Amino acid sequence: MASNLTTSNIDRQNVLNNRFAVEAIQERLGFKGLFFEGEFRYTKQMVADFYQVDVRTIERCIEENEDELTHNGYFLCRGKRLKEFKLQFVSDINVGNKAQRLSLFNFRSFLNLGMLLVESEPARKLRNLILDIVISTINEKAGGGTKYINRRDEEYLGAAIQETNYRKVFTEAVGRYVVGHSTYKYAQVTDMIYKAVFKEKAKEYRELLKLKSSDNVKATLYAEVLRVISSFEVTIGKEITKRATEGNRQLEQKEVEEIVQQIAETPMMEPFLHDARTKMASRDLSLREVLHNNIKEYLEPMSPEDFEKFLGEQSVDFDKILADNQDVLRRLKQAEDE
């Protein structure tokens, strides 16, 4: 992943959208700059000095990557803002009174530059520091590991309970109306669903996340993915029951596979599958350093809102929720068993 920062906009944006990592990097560097409009700003000369390159190199990098740098906080200071900036830092910058604009970077766009400057040794060292801090920050915020970071989403518990309820419809239909050994046919049909949703069998997913045989795959899935799986399970369960009762026979695995494929190809499912694949591919790459090759075309940078969801104040302590709601969960289980 280290080399990808210079070539991959997604990897760069995953760093820059993670405010927890950016704050930790800023604290470690101690590169103060000029405090203006609530944050530190840096001139082209300041960043050129830091990265030990010529100002013309900075200008060339801006020209080639202006949209990305602007997205991350770089701007041309003009008019009233420039006048206020000059008045505040007249002795700190080498800008004539007649200058009508001034390039300014905030800390995020300063880091963005460091990810783009291939020829700068300080930039190379900074990229290594960035990756170390990103990994340690995510692990620290996740409580030491990211295997179950999906459960820090406050929506996870509801999605997990919903999936458990819908799976009963699915397992009852497969058990009663599908040909095959009782031990294997559930796993076989589940693999069909997993391949339809994120183009991987459960075994492949286990290997990518380095899960133990005792680990529950579904306990590692994001809420949005669980909801799509729930939709598949309940729809498949009802369709299996319908076809089997109408034909007064059990269905072969091939017929079940056709049902799964038909559901996956319905226009109604397309936006939900796209959303689930995008979130799974993007979040696993950023939070777990796992690349799902089969759905890599769905990769996007993780949004700042997603980082808040899993690492910030919006995130939840799942184990504490379970401990605080044992009675409720016990009653739900009893109701399911009755």
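Q: At what angle do helix α10 and helix α13 pack, and how far apart are their axes?
A: This is a predicted model, in which local features need pLDDT of at least 70, side-chain atom pairs count only at pLDDT 80 or more, and totals for chains, interfaces and linings use all residues. Residues are numbered from 1 along each chain as its sequence is written, and side-chain values use heavy atoms, with hydrogens and water left out. Helix α10 (residues 185-198) packs against helix α13 (residues 253-264) at about 25°, and the axes are 10 Å apart. Axes are lines fitted to C-alpha atoms, for helices over the stretch in contact, and angles run from 0 to 180 degrees between N-to-C directions. Helices (H or I, at least four residues) and strands (E, at least two) are DSSP runs, numbered from the N terminus.

Q: How is that arrangement classed?
A: The angle makes α10 roughly parallel to α13. Angles under 35 degrees count as roughly parallel, over 145 as roughly antiparallel, 65 to 115 as roughly perpendicular and the rest as oblique.

Q: Which residues make the contact?
A: On α10 they are Lys185, Gln188, Val189, Met192, Ile193 and Ala196, and on α13 they are Gln253, Val256, Glu257, Val260 and Ala264. Contact means heavy atoms within 4.5 Å. Seven residues of the contact of α10 with α13 are nonpolar, two are polar and two are charged. Here Ala, Val, Leu, Ile, Met, Phe, Trp, Tyr, Cys and Pro count as nonpolar, Asp, Glu, Lys and Arg as charged, and the others, Gly among them, as polar.

Q: Next, α2 and α7: what is their angle?
A: Helix α2 (residues 19-29) and helix α7 (residues 107-116) pack at about 80°, with axes 11 Å apart. They are therefore roughly perpendicular to each other. Val22, Ile25, Gln26 and Leu29 of α2 meet Phe107, Arg108, Phe110 and Leu111 of α7. Of the residues in the contact of α2 with α7, six are nonpolar, one is polar and one is charged.

Q: How many residues of α1 are buried?
A: Six of the eight residues of helix α1 (residues 9-16) are buried, so this helix is largely enclosed by the rest of the structure. Buried means under 20% relative accessible area, exposed over 50%, and partly exposed in between (1.4 Å probe, protein chains only). The buried residues are Asp11, Arg12, Gln13, Asn14, Val15 and Leu16.

Q: Which elements do they pack against?
A: The buried residues of α1 pack against α2, α5 (66-71), α7, α8, α14 (270-288) and α15 (304-311).

Q: Turning to α8, is threonine 137 buried or exposed?
A: Threonine 137, in helix α8 (residues 121-141), counts as buried because its relative accessibility is 8%. A polar atom of its side chain lies 2.6 Å from the backbone oxygen of isoleucine 133. Apart from neighbours within four places in sequence, threonine 137 is in contact with Phe20, Ala21 and Ala24.

Q: Last topic, the backbone: what is phi at lysine 199?
A: Phi of lysine 199 is near 60°, a positive value in a residue other than glycine. Most residues other than glycine have a negative phi. Lysine 199 lies in the loop between α10 and α11 (202-209) and is partly exposed at 31% relative accessibility.

Q: And what about phi at glutamate 289?
A: Glutamate 289 has a positive phi of about 55° although it is not a glycine. Glutamate 289 is in the loop between α14 and α15 and is partly exposed, with a relative accessible area of 46%.

Note on methods: A polar contact is a pair of N or O atoms within 3.5 Å; within protein, one must be able to donate a hydrogen and the other to accept it, and residues adjacent in sequence count only if both atoms are side-chain atoms.
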